[in-house]
Amino acid sequence: KGKCPEDGWDESTIELFLHELAIMDSNNFLGNCGVGEREGRVVSGLVARRHYRLIHGIGRSGDISAVQPKAAGSSLLNKLTNSVVLDVIKLAGVRTVTSCFVVPMATGMSLTLCFLTLRHKRPKAKYIIWPRIDQKSCFKSMITAGFEPVVIENVLEGDELRTDLEAVEAKIKALGAENILCVHSTTSCFAPRVPDRLEELAVICANYDIPHIVNNAYGVQSSKCMHLIQQGARVGRIDAFVQSLDKNFMVPVGGAIIAGFNESFIQEISKMYPGRASASPSLDVLITLLSLGTSGYKKLLKDRKEMFSYLSCELKKLADNHNERLLDTPHNPISLAMSLKNLDQTNDAAVTQLGSMLFTRQVSGARVVPCGSVQTVNNYTFKGFMSHANDYPCAYLNAASAIGIKKQDVDVFLKRLDKCLKTFGKEAKQEKSINEIRDANTTTEQLED
């Protein structure tokens, strides 16, 4: 049926299935005589076993989704994977998606592929409207495709950084719609930035007849991000949305899913990919989804949401204990931010030092963001880089509740963070005491004089 099974399969059943696919590829035929330059020959048995002898990859030189006659098993694997992934995207909240395919590139290069496909539709266009998000790969995806990003600064609403819709529309009018390749928006992001106003952007794109590409990097795991995409497509225009395999399905880095609501456009993107492609990302995600089933994946989504509430509650308590606060970012369903005002006021280097302390204590993924850092990416200079704004009011620390996170991860993180902050607190008190003693000594000396 081409759908993800409700109940996951056991490992022996999955292996049997993969072996049945593999014997359909010509390189595994007993009497095969190969005289071409690409015949699926693998010298290492270890490498062959690692790939379940599915060696030919997927697609043909002109289309990554095309069937390869001498690799019927690998081609079937590709078709089934795309079908199962489409089923899971619908399950996650984008009910009206019509087409998708797995591409063996991470999110940034997959976005580049989308932009290059649009080039043929809009030959005059040279600009991409991009509400700012301080993440290098999505910015480089536009540069690599040969376009000029037009950075739209976010607006501060309370603690949240949100899309400046008026600035987007003003820039479209100033540049001319025909000169704009697309609007490149974002769902999943680090707090205090929150997902873009997708519905409003989709309406603007529909009104000006401008394509709309959504960077949904780790948004599949969030019902809120998927709902935004569904609503955007319902009321306006979304041409494609791109998501990472590793972040949403817990497989090795190296693959992404390009999905959309117009099957012919998604096929155009797949035909833009030059040559055939590695089957590894498709194989990894198919094995994972077969082992989980829809019930297993739904449980992971439910657990993630519960852990987000738990992390939010506990991080707020810790922040209060250290005279800091959990930033109020209700529109971000995955990432949280805690202010580091006291740390920043104590010592300019203290914020970055906290990040180092956490990393050496085996806390990965937490980001500390100091005020006022400047970074140049491909000759574009960003003030306040990593904070998604030129001048965010305070330094802060990020933590995220992503799919697969456990209560133990949250508890250990909070314990180690608390210990690090207490260390800084002791040092600050010691420094204050030393300064008070110095002040007292100076006063005595002055009196004696």
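Across the interface of domain 1 and domain 2, the rule finds 26 residue pairs in polar contact, both residues at pLDDT 80 or more. A polar contact is a pair of N or O atoms within 3.5 Å; within protein, one must be able to donate a hydrogen and the other to accept it, and residues adjacent in sequence count only if both atoms are side-chain atoms. The model is predicted, so local features need pLDDT of at least 70 and side-chain atom pairs count only at pLDDT 80 or more, while totals for chains, interfaces and linings use all residues. Residues are numbered from 1 along each chain as its sequence is written, and side-chain values use heavy atoms, with hydrogens and water left out.

**Domain interface**

- The protein chain is divided into domain 1 (57-296) and domain 2 (297-435), with bounds that come from an automatic or database domain assignment.
- The C-alpha centres of the two domains lie 28 Å apart.
- Contact (heavy atoms within 4.5 Å) links 43 residues of domain 1 with 41 residues of domain 2.
- The domains bury about 3,600 Å² between them, 62% of it on carbon and sulfur atoms; buried area is the accessible area (1.4 Å probe) that two parts lose on being put together, summed over both.
- In domain 1, Asp134, Asp159 and Gln221 lose the most area to domain 2, together 18% of what that side buries.
- The rule finds one salt bridge across this interface, a salt bridge being a side-chain nitrogen of Lys or Arg within 4 Å of a carboxyl oxygen of Asp or Glu.

**Helix H10**

- Helices (H or I, at least four residues) and strands (E, at least two) are DSSP runs, numbered from the N terminus.
- Phe265, Ile266, Ile269 and Ser270 are buried in helix H10 (residues 263-272); buried means under 20% relative accessible area, exposed over 50%, and partly exposed in between (1.4 Å probe, protein chains only).
- These residues cover an arc of only 145 degrees around the axis, which puts them on the same side of H10; the arc is that of the directions from the helix axis to the C-beta atoms.
- The buried residues of H10 pack against strand S1 (99-103), helix H4 (107-121), strand S8 (240-244) and strand S9 (256-260).

**Histidine 56**

- Histidine 56 lies in the loop between helix H2 (45-50) and H3, and is buried, with a relative accessible area of 4%.
- Its side chain makes a polar contact with the side chain of asparagine 27 (3.4 Å).
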